[in-house]
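Subject: Handover of a structure

Dear colleague,

Please find the structure below, followed by an account of what was found in it. I would be grateful if you read the two side by side.

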Amino acid sequence: MSTTTVRLDRDDDALLDSLAPEFGGRSSAIRHAIRTLAADRRRHDAILEWLDTWGADSGPLEEDEIAAIVGAEHRIAIAA
């Protein structure tokens, strides 16, 4: 396993300290955060790809349709 140095300001350091017990330590909390960020990015990229495909097939979505999709995706992420 490699080692990486991360500089945190006081607030971020306190936040990490508050999360660490839940995840089994500071390193585990950071690993969890990285994995969560990567999963969020994959979901975001999948939505953009889907929107591009939809737009090519059916024309662009209206703003209210996009809001409904993003809201549904957000509700799914919170439930997970």
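A residue is called buried when its relative accessible area is under 20%, exposed when it is over 50%, and partly exposed in between (1.4 Å probe, protein chains only). By this rule R26 is partly exposed, with a relative accessible area of 35%.

The model is predicted, so local features need pLDDT of at least 70 and side-chain atom pairs count only at pLDDT 80 or more, while totals for chains, interfaces and linings use all residues. Residues are numbered from 1 along each chain as its sequence is written, and side-chain values use heavy atoms, with hydrogens and water left out.

Overall fold

The chain has 3 helices and 0 strands, in the order α-α-α; helices (H or I, at least four residues) and strands (E, at least two) are DSSP runs, numbered from the N terminus. Buried residues account for 8% of the 80 residues in the chain.

Helix α2 covers residues 26-58. The buried residues of α2 are A29, A39 and I47. Just after α2, G59 adopts a positive phi of about 90°.

Salt bridges

A salt bridge is a side-chain nitrogen of Lys or Arg within 4 Å of a carboxyl oxygen of Asp or Glu. The structure contains 3 of them. One joins the side chains of D13 and R26 (2.7 Å, N to O). Because D13 lies in helix α1 (residues 10-23) and R26 in helix α2, this pair ties together parts that are 13 residues apart in sequence. D13 is partly exposed at 28% relative accessible area, as is D17 at 41%.

Within helix α2, D40 and R43 are 3 residues apart, about one turn of the helix, and their side chains form a salt bridge (2.2 Å, N to O).

Helix α3

I66 is found in helix α3 and is partly exposed, with a relative accessible area of 32%. Although I66 and L51 are 15 residues apart in sequence, their C-alpha atoms are 8.7 Å apart in space. E63 also belongs to helix α3 (residues 63-79) and is exposed, with a relative accessible area of 72%.

Yours sincerely

Terms used
The expected span of a helix is 1.5 Å times one less than its number of residues.
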